[in-house]
Amino acid sequence: MLKKILIANRGEIAVRVIRTAREMGIATVAVYSELDRNALHVRLADEAYALGGQTAAESYLKTDAIIDAIKRSGADAVHPGYGFFSENADFAKTITDMGVAFIGPPPAAIVEMGDKVSSRKAALRGGAPIVPGTTEFLKSADEISKFAKSHGFPVAIKAAYGGGGRGMKVVHDEKSVKEAMESAQRESKAFFGRDEIYVEKYLSWPRHIEIQLVGDTHGNVVWISSRDCSAQRRHQKLIEEAPAPGMTEELRQRMGAAAIRAATAIDYQGAGTVEFLLDSNGEFFFMEMNTRLQVEHPVTEMISGQDLVEWQLRVANGEPLPCTQDQLTLKGHAFEARIYAEDPEHDFLPSTGQLTELRSPLETNNVRIDSGVVEGDEVSVFYDPMIAKLVVWDLDRERALQHLTRALSDYKISGVTTNIPFLYNLASSQAFRNGDVNTGF
């Protein structure tokens with residue numbers, strides 16, 4: 001078994017990995033920027049090493065500093081979390097070339113699926129329908145204009161190495177093309193260290209459905225559940241749920257099979273998510289594959305009873321998957337709401353400052369809180385302003401939704417503005433209660 005893991009990340013996901021590793025008897029190593037010197041993930045880890053700097057580019061995206069921490073700590077594995085280096089094939093190759101296990105897919109799979117353009121080609125090989133778009137990186141705004149003239153506005157300019165809505169800009173007319181392209185490139189460079197982009201037709205009213213899967217080094221791949229991530233703002237997810245409501249079992253199975261084919265086409269290993277757009281006619285289109293653990297993975301854990309981080313660690317250790325497809329069972333319904341320090345009444349601008357009060361709902365078998373901050377911590381302008389992920393579960397969707405609204409009401413946060421009132425109104429709306437939500441909602 002792996003003996004010591006370095007988590008090349010921060011915040012909630014670093015805390016999440018540390019907790020599972022501790023349960024498995026695996027030592028953990030944290031890395032931190034100057035701003036995160038006293039962060040929760042640093043305090044929880046067995047060892048911690050400074051990266052220097054304040055911004056992500058000055059710290060968590062400094063390959064040399066992370067490699068130095070690996071060598072100094074003697075870690076035999078690296079977990080990249082999500083964001084930062086999680087879908088960077090060069091980083092994964094650098095780690096594996098050191099003889100250190102990368103807790104994620106092989107570099108070749110990241111190249112094919114981490115790059116959204118290559119992933120579209122792989123999906124086609126696997127027989128999955130894709131959203132109309134380019135299968136090469138864009139070199140100029142003229143290429144976007146040409147595509148839009150052929151397929152019509154709106155179109156989506158996307159970061160080829162991005163995710164989570166970062167580096168994505170929707171363009172509705174010709175005059176906005178150049179500015180949107182440059183904005184997408186800047187944002188992609190800032191968050192992912194690369195600025196390659198592509199364009200695809202923007203579907204205005206589909207549902208965003210994803211399939212969680214895991215593959216091992218023995219040729220086994222299983223899909224665990226579907227998730228609905230349609231409730232979004234500015235292309236970033238707000239509330240996710242599992243299983244995706246309003247889908248027939250036949251459609252769910254077809255989507256799962258398509259995800260497996262796409263993963264098998266590239267000999268995928270580790271945890272990954274295949275994302276689809278589902279239209280009102282029941283047709284679905286491959287959008288992209290995220291070659292990492294997703295922010296919303298807890299809803300899948302809640303209905304499956306599986307620990308996906310444990311699955312990742314066992315796969316990285318060369319073990320077969322803990323379950324076969326036939327052995328997986330799902331029970332109940334789960335929601336995840338992303339609690340952010342941001343102001344919904346002012347275009348969701350981040351709210352920075354000290355968390356002078358942070359009282360979370362009581363954790364029970366029905367309520368789970370994943371967080372990387374505690375009362376007294378600072379929310380910085382330099383990083384994603386997530387405070388916590390509120391995850392709830394019950395035997396059916398209606399009861400799980402009751403837990404969600406009740407738990408949102410129980411939160412007490414002072415010092416920063418949060419999106420909790422907005423999330424409460426969203427979860428309480430009739431459309432959301434009916435499961436009648438799409439990406440244009």
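Colleague: Which residues does Val 214 touch, leaving aside those up to four places away in sequence?

Modeller: Val 214 touches Asn 220, Val 221, Val 222, Ile 224, Gly 270, Ala 271, Leu 308, Trp 311, Val 315 and Leu 321, where contact means heavy atoms within 4.5 Å. Keep in mind that this is a predicted model, in which local features need pLDDT of at least 70 and side-chain atom pairs count only at pLDDT 80 or more, while totals for chains, interfaces and linings use all residues. Residues are numbered from 1 along each chain as its sequence is written, and side-chain values use heavy atoms, with hydrogens and water left out.

Colleague: And in the largest nonpolar core, which residues touch the most other members?

Modeller: That core has 32 residues, and Ile 5, Ile 26, Val 214, Ile 224, Trp 311 and Leu 313 touch the most other members. At least two of its residues come from each of β1 (4–7), α1 (11–23), β10 (221–233) and α11 (308–316). A nonpolar core here is a set of buried Ala, Val, Leu, Ile, Met, Phe, Trp, Tyr and Cys residues joined through side-chain atoms within 4.5 Å; buried means under 20% relative accessible area, exposed over 50%, and partly exposed in between, using a 1.4 Å probe and protein chains only. The helices (H or I, at least four residues) and strands (E, at least two) are DSSP runs, numbered from the N terminus.

Colleague: What lies apart from that core?

Modeller: Another core, of 31 residues, lies apart from it, and among its members are Leu 355, Leu 390, Ala 400 and Leu 404. As background, nonpolar side chains tend to be buried together in soluble globular proteins.

Colleague: Back to α1 and α11, at what angle do they pack?

Modeller: They pack at an angle of about 70 degrees, with their axes 9 Å apart; the axes are lines fitted to C-alpha atoms, for helices over the stretch in contact, and angles run from 0 to 180 degrees between N-to-C directions. The two helices α1 and α11 are therefore roughly perpendicular to each other, given that angles under 35 degrees count as roughly parallel, over 145 as roughly antiparallel, 65 to 115 as roughly perpendicular and the rest as oblique.

Colleague: Which residues make that contact?

Modeller: On α1 they are Arg 16, Val 17, Thr 20 and Ala 21, and on α11 they are Leu 308, Val 309, Glu 310 and Leu 313. By class, this contact of α1 with α11 has 5 nonpolar, 1 polar and 2 charged residues, where Ala, Val, Leu, Ile, Met, Phe, Trp, Tyr, Cys and Pro count as nonpolar, Asp, Glu, Lys and Arg as charged, and the others, Gly among them, as polar.

Colleague: How about α12 and α13, roughly what angle do they cross at?

Modeller: The axes of helix α12 (residues 397–410) and helix α13 (residues 420–428) cross at roughly 155 degrees and come within 10 Å, and α12 and α13 are therefore roughly antiparallel to each other.

Colleague: Changing topic, which peptide bond is cis with omega near 0 degrees?

Modeller: The bond from Phe 153 to Pro 154 is cis, with omega near 0 degrees, and Pro 154 sits in the loop between α7 (141–151) and β6 (155–159). A cis peptide bond also joins Ala 242 and Pro 243, with omega about -5 degrees, and Pro 243 is placed in the loop between β11 and α9 (249–264).

Colleague: What is the phi of Phe 84?

Modeller: Phe 84 has a positive phi of about 45 degrees although it is not a glycine, and its place is in the loop between β4 and α4.

Colleague: Is Phe 84 buried or exposed?

Modeller: At 16% relative accessibility, Phe 84 counts as buried. Ser 86, found in the loop between β4 (77–79) and α4 (89–97), also counts as buried, at 2% relative accessibility.

Colleague: And where is Lys 189 found?

Modeller: Lys 189 is found in helix α8 (residues 177–192), and at 49% relative accessibility Lys 189 counts as partly exposed. Not counting residues up to four places away in sequence, Lys 189 touches Arg 194 and Asp 195.
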